[in-house]
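Visitor: Could you take me through the salt bridges here, and then show me the sheet as well? I'd like a close look, with the cut-offs spelled out.

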Amino acid sequence: MSIEIRALGPADAERFAGLFDAMAFEHAREWKTCYCHGYVAIEEDRCVGWVNAGDALDYVRLHDDLKGYVGNAKIGLTICFVIEPTHRNRGLARKLLQAAIDGFRAQGYDAAIALPVDRPM
């Protein structure tokens with residue numbers, strides 16, 4: 001089956017919410033409420049993956065963590081991936097990350113960084 005990677009948009013809202021609603025997130029319950037921007041992986045009208053990707057300055061809760069990295073530059077940030085369990089280990093996160101990088105380039109970003117966070121937001 002073919003999987004389409006694309007920027008998350010209003011037309012994807014119901015599919016995107018379905019990805020989160022279908023997963024228990026027992027390991028990190030706060031993630032279940034993390035509806036952000038980024039890129040989605042769509043298979044047969046169903047969202048099977050997502051990466052949170054956007055302008056680093058849009059992540060207000062992370063400003064302290066990002067101070068030393070951003071400065072005056074236009075920096076793209078990837079922070080979380082959610083991949084449906086049945087679609088893991090297929091390179092889907094890599095494809096989502098590549099879409100984010102390509103999007104940052106197309107929008108004229110100076111650089112892109114990833115910021116893994118292992119604490120409640």
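Guide: Let's start with a term: buried means under 20% relative accessible area, exposed means over 50%, and partly exposed is in between, using a 1.4 Å probe and protein chains only. Bear in mind that this is a predicted model, where local features need pLDDT of at least 70 and side-chain atom pairs count only at pLDDT 80 or more, while totals for chains, interfaces and linings use all residues. Residues are numbered from 1 along each chain as its sequence is written, and side-chain values use heavy atoms, with hydrogens and water left out.

Now the charges. Side chains of opposite charge can pair when their charged atoms come close. A salt bridge here is a side-chain nitrogen of Lys or Arg within 4 Å of a carboxyl oxygen of Asp or Glu, and the structure holds eight of them. One of these links D64 to K67, with the closest N and O atoms 3.4 Å apart. Both residues lie in helix α2 (residues 63-70), three residues apart, about one turn of the helix; helices are DSSP runs of H or I with at least four residues, strands are E runs of at least two, and both are numbered from the N terminus. D64 counts as exposed at 63% relative accessibility, and K67 is exposed too, at 61%.

Elsewhere, salt bridges that share partners tie E4, R6, D12, R15 and D45 into one network. In it, R6 reaches E4 with the closest N and O atoms 2.8 Å apart, and R6 also bridges to D12, where that distance is 2.4 Å. E4 is partly exposed at 42%, R6 is partly exposed at 24%, and D12 is buried at 4%.

On to the sheet. Two strands pair if DSSP finds at least two bridges between them. The sheet is open, with five strands in the order β1-β2-β3-β4-β5 and mixed pairing. Its edge strands are β1 (3-7) and β5 (111-114), each pairing on one side only. Strand β4 (residues 75-83) runs parallel to β5, and four bridges join them; T78, for instance, has A114 in β5 as its bridge partner. Helix α3 (residues 92-106) packs on this sheet, touching β1, β2 (38-43), β3 (46-55), β4 and β5, where contact means heavy atoms within 4.5 Å. The direction of α3 makes about 160° with that of β4; axes are lines fitted to C-alpha atoms, for helices over the stretch in contact, and angles run from 0 to 180 degrees between N-to-C directions.
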